[in-house]
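Dear colleague,

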Amino acid sequence: MRLIIVANRLPISIRYEDGKPIASASSGGLVSGLSAWLASIGKSESDITETVWIGWPGTAIPEEDRAQLTLDLRVQGCHPVFLTEEEMDQFYFGFCNETIWPLFHYFLVYAAFRETQWQQYQQVNRVYAEAVCDVAGRDDIIWVHDYHLMLLPKLLREQLPNSAIGFFLHIPWPSFEVFRTLPTIWRTEILEGLLASDLIGFHTPEYTQYFLRCALRLLGYEHTMGRISMPTHVALAETFPMGIEYDKWRSAVSHAETQQAQAEFHQHLKGTKVVLSIDRLDYSKGIHHRLRAFARFLERHPEWHGRVTLIAVVIPSRVGVEKYNDMKRSIDQIIGNINGKYSQFDWTPIQYHFRSLPFHQLVALYNASSVALITPLRDGMNLIAKEYIACHPEMTGVMILSELAGAARELTEAVVINPNDIDEVAEAIHFALELPLEEQSRRMHPMHERLQRYDVQFWADEFLRALNLIKVEQERFNARHLGGIERERLVAEFAQADRRLLFLDYDGTLVPFAPFPQAARPSPELYKLLDALAADDRTELVLISGRDKETMDRWFGHLPVGIVAEHGIWIRKLGSGWQTIKPVTNNWKPRILPLLQMHADRLPGAFVEEKEYSIAWHYRRADTELAAIRSK
């Protein structure tokens, strides 16, 4: 079985030096995590035997180099998507990072809503869809990743209706009130794009529930245990917290290269305890907040002066973007102020590194740190927290973790804090530094066991198992629908029959549901269809509706059809007038009508429709959640 992974970036990046393309491994948690899982294929329970990775190679590739590069990458299981610099500027640096990233991380003040960038986002998703369709076979599994490609599942569903399509979001999904700030058409297309997947995965239960609530409030789709019945399939929204390659990080601690780097760290740090802060340069990571919290700690606990060092590693990100350049200047200034205020002749409170670290140096730094200070203001998961734990096989070390990081749902034994509360973080640093080794070990053990069981391989296997199960469930769902063989038999018997009686429901069948009853008027196409059916002398048509007989008479009285109105109270046979099936009265209405009207008044958007012998309470246009309460 073949798996097609679709992501913004390929695991291999191309850059040009002296006019020649140079290939190197891409960075990032998604690439490293999936690459580790792909390397384990054949050792796991998965039925996957072959993979293709579709994505952008990291730079604009000249037209004359594309054919050869495509061949070279295919040897390594990659299929490139070629984009121009202008497309990437509007798509990646534009819509993805100026609209979706800040909005989904709750930085609404940073979010831009530019129509040209949205149009480019749509176009790039179409380009990716073409790339997938070029290589996808009938039985291939398609796994789409992250916020760059949220429109892609629907585009694929239109071209590959029977394919197994999974989607995983690696950043937070925001609450309904935040998501709804997107322009109406944008948010609708994004939701419809994702719901075209068979399986939509999120890191935490909160993100899953936020997504389901958006689908309910904005599109009206209710769910049962995360399952949403779409017109074409059943979609499942579920939680899959991403793991790390636990054994790789744990075993790297004893590697000779790591040991050498660690000895150099200890010699350089001269016996001080290390608090580690490491993050990519981004406003969502809360770097400013944690620096101020460390300054507050130094202010309140002078007994730790000269005994503790904060190693602040900031990994360059989006270099050249003015907002990020401003962030770096601000971080530089804060660190300079703290060091200027508290430094001693033989001690500098903060050692600052603005660069990426080689793997073994990073492992050594994790292991040498007594405390990890991981305090993002909002984070989908944060794999750094998990890597730090894996690099402490001796079961020491303390994790201070933001409650707004997805990892906090799993690493409950960490010191969980609110990253916006500077005083709380400062006291957490003091608490962590003085925590006895026995208590450190007691906290570390269950987190190690959890990370070892639910590693990145388990995460990927579980997602694909769930995708397979939902496809099996869809087969049972489809069994209740008219299949190809049954449809052919029905058409054949209809063609051969001497007499045919067709009962056709009106609202929701012949016409779509409408916000108001009178808005669902028959179209010229419907009249043409009914005329064609009624023209055959062997066919008798009966239209069935809950509408009043006056409306049905006005719309269809001129056609040679039978009509059933008010859900069967009134019947008009072909060639005769309206009749009731049995004597009925409406003396009950004065008692019921005020009751329904009261509930309609308590539910904005609801209204009462009075008919001759019935009353209908309409609440389709009302708030979905409040309507469910009022109806009960």
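**What was found**

F431 is partly exposed, because its relative accessible area is 38%, where buried means under 20% relative accessible area, exposed means over 50% and partly exposed lies in between, using a 1.4 Å probe and protein chains only. This is a predicted model, in which local features need pLDDT of at least 70 and side-chain atom pairs count only at pLDDT 80 or more, while totals for chains, interfaces and linings use all residues. Residues are numbered from 1 along each chain as its sequence is written, and side-chain values use heavy atoms, with hydrogens and water left out.

F431 belongs to helix α15, residues 422-433; helices (H or I, at least four residues) and strands (E, at least two) are DSSP runs numbered from the N terminus. Not counting residues up to four places away in sequence, F431 touches V415 and R443, a contact being heavy atoms within 4.5 Å. The C-alpha atoms of F431 and V415 are separated by 8.9 Å, and these two residues are 16 residues apart along the chain.

For the protein as a whole, there are 22 helices and 23 strands, and the C-alpha trace spans about 105 × 65 × 45 Å along its principal axes. Of the 632 residues, 52% count as buried. Among contacts between residues at least 6 apart in sequence, 71% join residues at least 24 apart.

Two packed helices are described by the angle between their axes and the distance between the axes. Helix α4, residues 115-135, packs with α5 at an angle of about 45 degrees, with the axes 9 Å apart; axes here are lines fitted to C-alpha atoms, for helices over the stretch in contact, and angles run from 0 to 180 degrees between N-to-C directions. That angle makes α4 oblique to α5, since angles under 35 degrees count as roughly parallel, over 145 as roughly antiparallel, 65 to 115 as roughly perpendicular and the rest as oblique. In this pairing, N125, R126, Y128, A129, V132 and C133 of α4 meet L152, L155, L156 and Q159 of α5. By class, the contact of α4 with α5 has seven nonpolar, two polar and one charged residues, with Ala, Val, Leu, Ile, Met, Phe, Trp, Tyr, Cys and Pro counted as nonpolar, Asp, Glu, Lys and Arg as charged, and the others, Gly among them, as polar.

Elsewhere, Q262 lies in helix α10, residues 256-269, and counts as buried at 9% relative accessibility. Leaving aside its neighbours within four places in sequence, Q262 is in contact with A364, N367 and A368.

Finally, please look at the backbone of one loop. Most residues other than glycine have a negative phi. In the loop between β19 (562-565) and β20 (570-572) sits E566, whose phi is positive, near 50 degrees. H567 lies in the loop between β19 and β20 as well, and has a positive phi of about 55 degrees although it is not a glycine. E566 counts as buried at 2% relative accessibility, whereas H567 counts as exposed at 68%.
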